[in-house]
Amino acid sequence: MTVTTSAARVTAPAARPAPRPPNRMRAWVTRAPLLPALIFMIVVTQLPFVATLVISFYDWNALYPDDRHFAGFANYAEVLSTPELRRSVGTTVVLTATVVLVSLVLGLVLALLLDRRFRGRAAVRTMLIAPFLLVPIAAALLWKHVLYNPEYGLFNGILRWIGGDTAIQPDWISEMPLPAVAASLIWQWTPFMTLILLAGLQSRDPELVEAARMDGANEWQVFVHITLPHLRRYLELSVLLGSIYIVQNFDAVYTITSGGLGTANLPYTVYQTFYQAHENGLASAAGVIVVIGSLILATFALRVVSSLFRAEVSRR
């Protein structure tokens with residue numbers, strides 16, 4: 001009798017306390033400190049975008065404020081059909097692809113060099129990051145006046161030092177405007193690519209590399225079969241984040257060429273349409289297209305970042 005009672009006591013499930021209702025007041029108190037930041041973000045970012053979206057559906061010239069009317073998608077059709085605006089889209093694509101790919105290759109080479117141990121590596125890393133820390137407008141002014149100037153620029157000075165008085169003295173901005181803009185952006189964004197790829201290299205498993213070398217693999221085989229597959233996600237992240245910025249770049253084009261000589265990209269065309277042509281509706285439509293393109297790139301970037309975090313968590 002006693003054994004049966006004991007068994008019943010052991011097998012009987014313990015009574016669980018009833019779940020308490022959620023404390024809504026406590027939840028609001030926890031979230032309250034975040035509300036000012038949320039409100040500020042909505043006022044600064046979302047309300048202007050909503051206003052831009054509304055204006056993009058109107059035929060609105062600032063010189064004739066009383067003659068505005070609803071135009072539907074006519075502004076978007078004009079953005080995609082006007083030769084100047086279509087040319088600016090092509091310039092944006094060419095500039096973005098050139099800057100991102102060249103800076104990615106240079107960043108990979110520098111990351112591989114900085115991953116090795118040598119004297120003064122910390123100082124070299126610091127100097128390498130310096131261009132990325134410059135204000136974009138200051139970097140563009142540096143390239144325009146210190147390097148590109150045909151009279152006292154550093155590039156022509158080097159050519160004169162090498163070739164003497166008969167050396168060629170090109171006008172870099174006039175003769176090669178788009179490469180001149182691209183070079184300044186490559187110089188500023190290569191350190192960014194280097195930092196991301198260097199972080200990827202340092203997260204590589206050293207035991208795997210050592211095992212491959214013990215099996216007879218040379219440096220090129222280690223790079224192709226181990227390093228490059230490991231860096232795939234970091235390369236994707238570098239391309240996506242770099243593309244998001246270069247698509248929206250305005251400073252270099254405005255400072256170096258003022259949008260002339262075929263260098264006007266889409267952000268500069270938006271500025272030109274709004275401040276010079278005073279076409280508020282058309283400029284707003286072009287701006288919305290830029291935002292949509294940036295959001296598409298940002299979505300892919302966030303997916304890559306989340307996959308990186310999931311991979312790191314699974315390793316641990």
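## Basis of the description

Because the model is predicted, local features need pLDDT of at least 70 and side-chain atom pairs count only at pLDDT 80 or more, while totals for chains, interfaces and linings use all residues. Residues are numbered from 1 along each chain as its sequence is written, and side-chain values use heavy atoms, with hydrogens and water left out.

## Overall architecture

The protein chain contains 16 helices and 2 strands; these are DSSP runs numbered from the N terminus, with helices (H or I) of at least four residues and strands (E) of at least two. Of its 316 residues, 34% count as buried, where buried means under 20% relative accessible area, exposed over 50%, and partly exposed in between (1.4 Å probe, protein chains only).

The chain exposes about 20100 Å², and carbon and sulfur atoms supply 67% of this area; accessible areas come from the Shrake-Rupley method with a 1.4 Å probe, and for residues only the protein chains shown count as cover. A contact is defined by heavy atoms within 4.5 Å. Among contacts between residues at least 6 apart in sequence, 69% join residues at least 24 apart.

## Nonpolar cores

In soluble globular proteins, nonpolar side chains tend to be buried together. A nonpolar core is here a set of buried Ala, Val, Leu, Ile, Met, Phe, Trp, Tyr and Cys residues joined through side-chain atoms within 4.5 Å. The largest such core has 37 residues, and L95, V99, V181, L185 and L197 have the most contacts inside it. Two or more residues each come from α5 (83–114), α7 (136–147), α9 (172–175), α10 (177–202), α13 (232–247) and α14 (251–256). Helix α10 gives the largest share, 12 residues.

Leaving out residues up to four places away in sequence, V99 touches A182, L185, I186 and I246. A second, separate core of 10 residues includes V79, L85, A283 and A286.

## Pockets

Pockets and cavities were located on a 1 Å grid over the protein atoms alone: a cavity is a set of points where a 1.4 Å probe fits but cannot get out, a pocket is an open set with protein on both sides within 12 Å along at least five of seven lines, and lining residues have an atom within 4 Å of a point. Grid points are joined across faces, edges and corners, and a volume is the space filled by probe spheres set on the points. The largest pocket has a volume of about 580 Å³. It is lined by 20 residues, of which L112, D115, R116, R204 and R213 lie nearest its centre. The elements giving two or more residues to this lining are α5, α6 (121–133), α10, α11 (206–214) and α12 (219–230), and α12 supplies the largest share, 5 residues. By class, the lining divides into 8 nonpolar, 2 polar and 10 charged residues; Ala, Val, Leu, Ile, Met, Phe, Trp, Tyr, Cys and Pro count as nonpolar, Asp, Glu, Lys and Arg as charged, and the others, Gly among them, as polar.

The second largest pocket has a volume of about 350 Å³. Its lining comprises 14 residues, with T52, V270, G287, V288 and V291 nearest the centre. Helices α3 (35–55), α15 (266–275) and α16 (280–315) each give two or more residues, and α16 gives the most, with 7. This lining has 9 nonpolar, 5 polar and no charged residues.

## Cavities

A search of the whole structure finds 2 cavities of 30 Å³ or more. The largest, of about 50 Å³, is lined by P136, A139, A140, S184, L185, Q188, Y245, N249, D251 and A252. Helices α7, α10 and α14 each give two or more of these residues.

## The loop residue F57

F57 lies in the loop between α3 and β1 (58–59) and is buried, with a relative accessible area of 18%. Apart from neighbours within four places in sequence, F57 is in contact with H69, F70, A71, G72, F73, N75 and Y76. The C-alpha atoms of F57 and Y76 are separated by 8.4 Å, the two residues being 19 apart along the chain.
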